[in-house]
Amino acid sequence: MNELMMIPLIARIRSIREVTFDTLMFEVAIEKDGKEVPFSYLPGQFAELSVFGVGESPISITSTCTRPGLVEFAVREVGLVTEAMHNMRPGDNMGIRGPLGNGFPVDEMKGKDILFIAGGIGLAPLRGLINYVLDNRSDFGAVDIIYGARAPNLLCFDWEFDTWKAAPDTRVHLTIDAPAAGWNGSVGFVPAIVKELALPPGNRLAVACGPPIMIKYVLEDLAAAGYRDEDVITTLEMKMKCGVGKCGRCNIGAKYICVDGPVFRLSELKTIPSEY
Ligand SMILES: Cc1cc2nc3c(=O)[nH]c(=O)nc-3n(C[C@H](O)[C@H](O)[C@H](O)COP(=O)(O)OP(=O)(O)OC[C@H]3O[C@@H](n4cnc5c(N)ncnc54)[C@H](O)[C@@H]3O)c2cc1C
């Protein structure tokens, strides 16, 4: 465990972008002793971001390590710490510990077709992985991205969709829960789109991230479609505190979600007393 995991560095906010009405994306430079320092991470890792005097929250890294420089975090305002973050401005400092967690098994994913399945802000950890895959396009097979939200204005990172659609052998399937004025795309829950598209398992890995109810049905549908548990990857968002496997707030059985996860294959999840 290195010092970055225990002692916060400074994350200086360079810019803030609105993702949806309740979610902001912070682009930060990492600093130590007043100097910008490099920050290396894998897709799917997270960091503990702190607002000094308020508290700390685990937040997924949504930028991709294939584009070094500023690091991006999308934060939905739900409570004390995230509200304080939303009150910050460019030039303000957060604390940052990380990168934390295991990240996606990108080397083992090479050569595979990838089906990304995301709901709502669940796209935040997947965005870094999607951009990693597209930046290393020849290492991966066909890419399909199924992404849904309750309404069009709740689709996160909409500025990415055209670029993703334009990538070779890549399809983006967007859906919203109910019809909305001006929306010409699919209407229906994410699991319904997974079923409708019926992409066969074959050489394909499915990577899912979203609200627990979406994950529950998606996992059932993938199993029914013949996906093996080892070919289904998901991330868990347990409540956690230290992020380094010390405090015991996020353990399930012998696993600490913060260090053994947050990314798990379904085959691994089934060996521990399970959420799903
Ligand atoms: C590995 C990991 C990655 C995450 N990535 C992101 C991200 O990229 N963007 C983002 O906006 N959020 C993310 N979260 C959730 C985020 O950590 C919580 O929303 C945040 O800590 C809430 O802090 P708060 O003080 O604002 O809210 P609190 O006042 O602590 O709680 C407000 C409400 O949020 C609920 N809540 C608190 N913590 C969590 C949690 N960990 N998961 C689910 N519900 C929670 C509480 O039960 C309560 O209902 C992630 C969580 C984990 C564990």
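The model is predicted.

Start with the overall layout. The chain is divided into two parts, domain 1 (3-100) and domain 2 (106-235). Their C-alpha centres lie 25 Å apart. The contact between them takes 20 residues from domain 1 and 17 residues from domain 2. About 1,500 Å² of area is buried between domain 1 and domain 2. Carbon and sulfur atoms give 62% of that area.

What about charged and polar links? Two salt bridges are counted between domain 1 and domain 2. Seven residue pairs are in polar contact between these domains. On the domain 1 side, strand 1 (9-20), strand 2 (23-32) and strand 6 (71-76) each supply at least two of the residues that touch domain 2. Strand 1 gives the largest share of that side, with four residues.

Now look at one residue of strand 1. Thr20 is found there. Is Thr20 buried or exposed? Its relative accessible area is 4%, so Thr20 is buried. The side chains of Thr20 and Asp22 are joined by a polar contact of 2.8 Å. Setting aside neighbours within four places in sequence, Thr20 is in contact with Asn153, Leu154, Leu155 and Cys156.

Next comes helix 3, which covers residues 123-135. It has 13 residues and reaches 17 Å from its first C-alpha to its last. That is close to the 18 Å expected at 1.5 Å a residue. Helix 3 is mostly covered, with twelve of its 13 residues buried. Among the buried ones are Leu123, Arg127, Asn131 and Leu134. Asp135 forms a salt bridge with Arg67, and the closest N and O atoms are 2.9 Å apart.

Side chains of opposite charge can pair when their charged atoms come close. How many salt bridges does the structure hold? It holds 17. One of them joins Arg14 and Glu36, at 2.8 Å from N to O. This pair links distant parts of the chain: Arg14 is in strand 1, Glu36 is in strand 3 (residues 35-36), and they are 22 residues apart. Arg14 counts as partly exposed at 43% relative accessibility. Glu36 is partly exposed too, at 49%.

Another salt bridge joins Arg265 and Glu108, with the closest N and O atoms 2.6 Å apart. Arg265 lies in strand 16 (residues 263-265) and Glu108 in helix 2 (residues 106-109), so this pair ties together parts 157 residues apart in sequence. Arg265 counts as buried, at 19% relative accessibility. Glu108 is exposed, at 52%.

Glu220 and Lys216 meet in a salt bridge of 3.1 Å, N to O. Why are they about one helical turn apart? Because they are four residues apart in helix 6 (residues 212-224). An α-helix has 3.6 residues a turn, so residues three or four places apart point the same way. Glu220 is partly exposed at 42%, and Lys216 is partly exposed at 39%. Elsewhere, salt bridges that share partners join Asp144, Asp169, Arg171 and Arg204 into one network.

Turn to Phe46, in strand 4 (residues 46-51). Phe46 counts as buried at 5% relative accessibility. Leaving out residues up to four places away in sequence, Phe46 touches residues including Pro58, Ile61, Pro99, Met240 and Cys258. Pro99 has a feature of its own: the peptide bond from Gly98 to Pro99 is cis, with omega near 5°. Pro99 sits in strand 7 (residues 93-100).

Lys241 is in the loop between strand 13 (232-235) and strand 14 (251-252). At 46% relative accessibility, Lys241 counts as partly exposed. Lys241 and Ser57 are 184 residues apart in sequence, while their C-alpha atoms are 7.7 Å apart in space.

Phe157 is in the loop between strand 9 (143-149) and helix 4 (161-166). Phe157 is buried, with a relative accessible area of 0%. Its phi is near 55°, a positive value in a residue other than glycine. Ala198 also has a positive phi, about 50°, although it is not a glycine. Ala198 is found in the loop between helix 5 (190-197) and strand 12 (204-209).

Definitions and conventions: Residues numbered from 1 in each chain as written. Predicted model: local features only at pLDDT ≥ 70, side-chain atom pairs only at ≥ 80, totals over all residues. Heavy atoms only, no water. Expected span 1.5 Å × (residues − 1). Buried < 20%, exposed > 50% of the residue type's maximum accessible area, 1.4 Å probe, protein only. Domains from an automatic or database assignment. Contact = heavy atoms within 4.5 Å. Buried area = accessible area lost by both parts, 1.4 Å probe. Salt bridge = Lys/Arg side-chain N within 4 Å of Asp/Glu carboxyl O. Polar contact = N/O pair within 3.5 Å; in protein donor to acceptor, adjacent residues only side chain to side chain.
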